[in-house]
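Student: I would like to learn how to read a few features of a protein model. Could we go through them one at a time?

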Amino acid sequence: MARESWASRAGFILAAVGSAIGLGNIWRFPWMTAENGGSAFLLLYLLIVLVVGVPGLLAAFVIGRRSNRNPVGAFKSLAGSRAWTALGALCVVTSIMLMSFYSVVGGWILRYFLESATGAYFAAPETHFAAISYGAEAFGYQLAVLAATALIVTAGIRRGIEATTKVMMPSIVVLLIALAIWAAQQPGAAQGYEFYLGFDGAYLAENFLSVLGSAAGQALFTLSIGGGTMITYASYVDDDRSLPLDASAIAVLNLAVGILAGLVVFPLLFSFAPGPTEGGPGALFVGIAGAFTNLPGGRLLGAVFFFVVLLAALTSLISMLEIPVSLLVDEFDLERSTATWGLFVLVALAGGVNAFSPAVFTLFADHLVDLFLVLGLTGFMVYTAWVLGPAAIDEFLNGAGPISRPLAIPWRYAIGTLFPTFLLFTFYADVTVLIGFSAGTGLLLVVTLLTLVPFVLVARRSVSKNRPQSTENMD
């Protein structure tokens, strides 16, 4: 069957930004920022998004557009060794893992949006969230959000994903700006800005490794790289588009909306809650809900806020579901509707565990996903630099402008050496924090190099069967 493509560059960028923004910037970002020292976390997060995120996006874009396939099909068609298809399989597993807990949060948001009309959560926000966050009712709302996602994905790339995100993304930005202006007028706004934007060097020095791992995971989470989303979306991109320009635009827009969301959330948390450190995954619901309790028009404001967050959740869930859907459509020639609703059942079963178990939910949302994303992006970078090699340069240059063209070769070698080293270092740092093991930077660096160097050597021996001849020997 004929494969779809984006109708316009704006459609692709908005869909990719929608995937990147999602709940990562509105739900997870305040939670992770609060647990990692506020501004100290923000600084590392911003640096990683710009310095590592943009080259990482480009690696995913190159793989996707070069292959015009889903992650599994991409590595199968481009690599000379079937072993690389395991990396594509990791993307599919990661997407299903993401959806399994992400859809639970989407269900919480849908419920709060509907309950804003009655003020059901006003009287005792913390007690209310504890009562509704897990169990049969949480599972029911999760199914509703998954069904809405499936309906959009079933409609296809242009009529479903592109048409929907073209409406959702501008709506999210406009409503967030309005909420940020309103939040600035609340009594705790100055404290919120200080926590969010005032640099805390002492905290960063004392907790550098733990903050670094969390910031790296959050950066990859919000950019939707490492899990195959951007490979899938780029597979629908035409050859005349500038991948460097698109990657930069997506990263900058993602940062802008993320910072904007923080200007809404933190002033409200300091104005109407004990602060951002209360509540963990429920911080958004427990803290922000209190902002609407005693305000004139609180029910309307609550509905607007949770509607914005619901749109953000849907844009991300759409991109996650498209990964396994594209696999079934490309590799098994299934009808899009059959693939989508079959996966709806699978994700509902997998996600149900998260809807009923707080321990499983926290494990997935706080640790496993970060680790999987870091490993995935490390693989993308090494593969692009050393397996695709000159073909990656050719793909980078297709549609690139005069500013980005000289960066092609430095980009290739940076994603083949420097950035994978950084990512694996953060991976091991995060693992040591998770298991409670104290390790110095020297030991972590040694373990990183002992992992990366053999990986790169093996990758350099891989031969892409579709690698075109290049006039320049880049190896």
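Student: What classes of residue make up the lining of the largest cavity?

Tutor: To read a lining, sort its residues into nonpolar, polar and charged. This is a predicted model, and in it the lining of the largest cavity has nine nonpolar residues, eight polar ones and no charged ones.

Student: How many cavities of 30 Å³ or more does the structure hold, and how much space lies in the largest cavity?

Tutor: The structure holds one cavity of 30 Å³ or more. The space in the largest cavity is about 120 Å³. A total of 17 residues line the largest cavity, and Leu 98, Phe 221, Ser 224, Thr 229 and Met 320 are the closest to its centre.

Student: Which elements give two or more residues to that lining?

Tutor: Four helices are to be named here: H1 (9–35), H4 (85–115), H10 (208–223) and H14 (298–332). H1 provides the largest share of the lining, with four residues.

Student: Take Thr 229, one of the residues closest to the centre of the cavity. Is Thr 229 buried or exposed?

Tutor: The idea is to compare the relative accessibility with a cut-off: buried means under 20%. Thr 229 has 6% relative accessibility, so Thr 229 counts as buried. Thr 229 lies in helix H11, residues 229–234.

Student: Which residues does Thr 229 touch, not counting those up to four places away in sequence?

Tutor: Thr 229 touches Ser 19, Ser 224, Ser 319 and Ile 323. Ser 224 is also among the residues closest to the centre of the largest cavity.

Student: Now the pocket. How much space lies in the largest pocket, and how many residues line the largest pocket?

Tutor: The largest pocket holds about 330 Å³ of space. Its lining has 17 residues, and those nearest the centre are Pro 244, Ser 248, Phe 396, Ser 404 and Leu 407.

Student: Which elements supply at least two residues of the pocket lining, and what classes do the lining residues fall into?

Tutor: H2, helix H12 (243–272) and helix H18 (408–435) each supply at least two. The largest share, four residues, is from H18. By class, the pocket lining divides into 13 nonpolar, four polar and no charged residues.

Student: What does the largest nonpolar core look like in numbers?

Tutor: For a core, read its residue count and then the residues with the most contacts inside it. The largest nonpolar core has 166 residues, and Trp 27, Phe 101 and Phe 285 have the most contacts inside it. H14 gives the largest share of this core, 18 residues.

Student: Which residues does Phe 101 touch, leaving out those up to four places away in sequence?

Tutor: Phe 101 touches Trp 27, Phe 221, Asn 354, Phe 361, Phe 364, Ala 365 and Val 369. Trp 27 is itself one of the core residues with the most contacts.

Student: Is Gly 213 buried or exposed?

Tutor: Gly 213 has a relative accessible area of 3%, so Gly 213 is buried. Gly 213 is found in helix H10. Leaving aside neighbours within four places in sequence, Gly 213 is in contact with Thr 426 and Asp 430. Between the C-alpha atoms of Gly 213 and Ser 357, which are 144 residues apart along the chain, the separation is 25 Å.

Student: And why is Leu 47 not called buried?

Tutor: The limits are under 20% for buried and over 50% for exposed, with partly exposed in between. Leu 47 has a relative accessible area of 44%, so Leu 47 is partly exposed. Leu 47 has its place in helix H2, residues 39–67.

Student: Which residues other than glycine have a positive phi, for example in loops?

Tutor: One is Asn 68, with a positive phi of about 55°. Asn 68 lies in the loop between H2 and helix H3 (71–78). At 33% relative accessibility, Asn 68 counts as partly exposed. Another is Asp 333, where phi is near 60°. Asp 333 lies in the loop between H14 and helix H15 (336–356).

Terms used
Residues are numbered from 1 along each chain as its sequence is written. This is a predicted model: local features need pLDDT of at least 70, side-chain atom pairs count only at pLDDT 80 or more; totals for chains, interfaces and linings use all residues. Side-chain values use heavy atoms; hydrogens and water are left out. On a 1 Å grid over the protein atoms alone, a cavity is a set of points where a 1.4 Å probe fits but cannot get out, and a pocket is an open set with protein on both sides within 12 Å along at least five of seven lines; lining residues have an atom within 4 Å of a point. Grid points are joined across faces, edges and corners, and a volume is the space filled by probe spheres set on the points. Ala, Val, Leu, Ile, Met, Phe, Trp, Tyr, Cys and Pro count as nonpolar, Asp, Glu, Lys and Arg as charged, and the others, Gly among them, as polar. Buried means under 20% relative accessible area, exposed over 50%, partly exposed in between (1.4 Å probe, protein chains only). Contact means heavy atoms within 4.5 Å. A nonpolar core is a set of buried Ala, Val, Leu, Ile, Met, Phe, Trp, Tyr and Cys residues joined through side-chain atoms within 4.5 Å.
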